[in-house]
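Dear colleague,

Please find the structure below, handed over for your records.

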Amino acid sequence: MYKEYYLRCLKNFQTKKIFYRYGNDEYSYCNLFNYVKKITYFLENQKKKKKIIITYSNKSKEMYASIFPILLSGCIWVPISMNTSLSRIEQIIDSIKPDLFFFDHENEKVLNLVRRKKIKKYNLNYFYKLKERKVNLVKKIKNINFNNTAFIYFTSGSSGSPKGVKVAHKNIISDIFLQKKHLYKYGNKNLVYGDYYEPSFSYFFDIYFPAIYFGSTISPALTKADSYLIYEHYKINNINTLLLVPSSIERIKEILIKNKIFLTGKYLMCAGEPFFLNLLKFIYSNTNYEKIYNCYGGTEMGNWVFHHECKKKDLISFKKMNLVPIGKVFSKTQYFIKNKELIVRGPMITNGYVLNTQNKEKFIFSRKGNNTFFTGDKAVKFKNKVFIIGRKDKMVKINGYRIEIGDVEFVTKKIKYVDEVAVFEKKLKNYKNYLNMVVFLNNKKHQSIFRADLKKKISSYMMPRKIYYGNKIPLNINGKFDRKKVIKNFS
């Protein structure tokens, strides 16, 4: 069953359908087919067959095209964002011991790190220079073990190190098949996806993997202007399928209203954050999409497992909750709510984290292939629909990115002149949440360099917006750092 996914993708790579579009730059699937074959042949002739391959990319057409042959070759793909700090990249490299490093832009510090770690590195343009060779891609597909890890996605971890999720071929393929059944049941022809997120952000998977299966077009945001002025990029590239975190829509809402811009298209899908009813109301007033969905999932769940098809009547039906529900679970998937925590079981649930010690509290593994994942999300049912109402732990979401508060605090305390730190989420209306930090330094002279030193340790999306410098460290009755008091004083 699973091989049908890759066989259909392979068939698309032999067509003239547009694969990549950015303004006047258009490349069909068949334009890049020789490139796909060259990478496949290159990987086939490496001494070690099952390689771990990092891509460090600015979303070039070569990066998009390279993912398919990496997976066909039985290798493990690991995407790293350009905005990942050098310290984090080193942590990722040390945890997975990659064999190859593919890149499409020069960053001397990163490349020096790769060189120091003795990892073979290749500019993605290198593969154009290789001679064309015959390679049996159908045989490659038939030889794939679909239980094996296809890629590793790294997210924030509470212990101060990024947490790697092992996603098997069957996990992501099961999810795409169910997306086709539940989300794209109204048609999947001539879709043009706007890609506004980094390859290391889980939203990317819900764009790339359906797109190559449907033979759709992907149009990446390559500049900050593309991401912040979405409507311009949207219009120029004829995008009709939009996947966004709700805060991204909120960010451009005033601009759309001011300039009387009316977005139209086939699909608008939201996920990754609470979807408030006032935003849904705005969407119905200022856009015209054939179908609007609210989806729910996570990388550990291989990605989306719940969906809700929005209707105008939701504005009245769910007024009490002031939220759009995550709706119904995908078929072949089960869910439970125990002690208010949402628990999910099904074929999409992954094989856990790279570090097995992190699996104990989050996963129950099954030999039958239907693993169970404890999401940490608080859930309730209302009118037979499921709603997410918060977290059980200290994980927060800022612009859709998962951030463990403990991760930021742990890394900050590794800076030698930091004595104590407390990080907390500042909650505002309309998706304008951000992180604040209170830090206690052993010498005030370090205040001038602290923010720059912290940037070297954590990724840009984890940086606190406001940093306060405390004077005397408050202690509780047990003589320990009184974190709650600090947060209360600075909230």
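**Salt bridges**

E90, D94, R116 and K117 are linked in a network of salt bridges, a salt bridge being a side-chain nitrogen of Lys or Arg within 4 Å of a carboxyl oxygen of Asp or Glu. Please note that this is a predicted model, in which local features need pLDDT of at least 70 and side-chain atom pairs count only at pLDDT 80 or more, whereas totals for chains, interfaces and linings use all residues. Residues are numbered from 1 along each chain as its sequence is written, and side-chain values use heavy atoms, with hydrogens and water left out.

A search of the whole structure finds 19 salt bridges. One of them joins the side chains of D407 and R88, at 2.6 Å from N to O. D407 lies in helix α14 (residues 405-413) and R88 in helix α4 (residues 86-96), so this pair ties together parts that are 319 residues apart in sequence. Helices (H or I, at least four residues) and strands (E, at least two) are DSSP runs, numbered from the N terminus. D407 is buried, with a relative accessible area of 0%, and R88 is buried as well, at 3%. Here buried means under 20% relative accessible area, exposed over 50%, and partly exposed in between, with a 1.4 Å probe and protein chains only.

E409 counts as buried, at 11% relative accessibility.

A further salt bridge is formed by the side chains of D453 and K456, at 3.8 Å from N to O. K456 is exposed, with a relative accessible area of 55%.

**Lysines outside these pairs**

K11, K17, K180 and K189 form a positive surface patch. Patches are made of residues with over 30% relative accessible area and no salt bridge, like charges being joined within 9 Å and nonpolar side chains (Val, Leu, Ile, Met, Phe, Trp, Tyr) within 5 Å. Lys and Arg count as positive and Asp and Glu as negative, while His and the chain ends are not counted. The place of a charge is taken as NZ of Lys, CZ of Arg, CG of Asp or CD of Glu. Accessible areas come from the Shrake-Rupley method with a 1.4 Å probe.

K253, in helix α11 (residues 246-258), is buried, with a relative accessible area of 15%. Residues up to four places away in sequence not being counted, K253 touches L279 and F282, where contact means heavy atoms within 4.5 Å.

**Buried segments and residues**

Helix α3 (residues 61-72) is mostly covered, since 12 of its 12 residues are buried. Among the buried residues of α3 are K61, E62, Y64 and I70. The helix is followed by G74, whose phi is positive, near 75°.

I53 is found in strand β3 (residues 52-56) and is buried, with a relative accessible area of 0%. Leaving aside neighbours within four places in sequence, I53 is in contact with L43, I70, C75, I76, W77, V78, L100 and F102. The C-alpha atoms of I53 and N259 are 44 Å apart in space, and these residues are 206 apart in sequence.

M463 lies in the loop between α15 (447-455) and β25 (466-469), and is buried at a relative accessible area of 15%. Beyond its neighbours within four places in sequence, M463 is in contact with R451, L454, K455 and I458. M463 and R451 are 12 residues apart along the chain, with their C-alpha atoms separated by 8.9 Å.

**Positive phi outside glycine**

N238 has a phi near 55°, a positive value in a residue other than glycine. N238 is found in the loop between α10 (230-236) and β11 (241-244) and is exposed, with a relative accessible area of 51%. N399 likewise has a positive phi, of about 55°, although it is not a glycine. The place of N399 is in the loop between β21 (395-398) and β22 (401-404), where N399 is partly exposed, with a relative accessible area of 42%.

Yours sincerely
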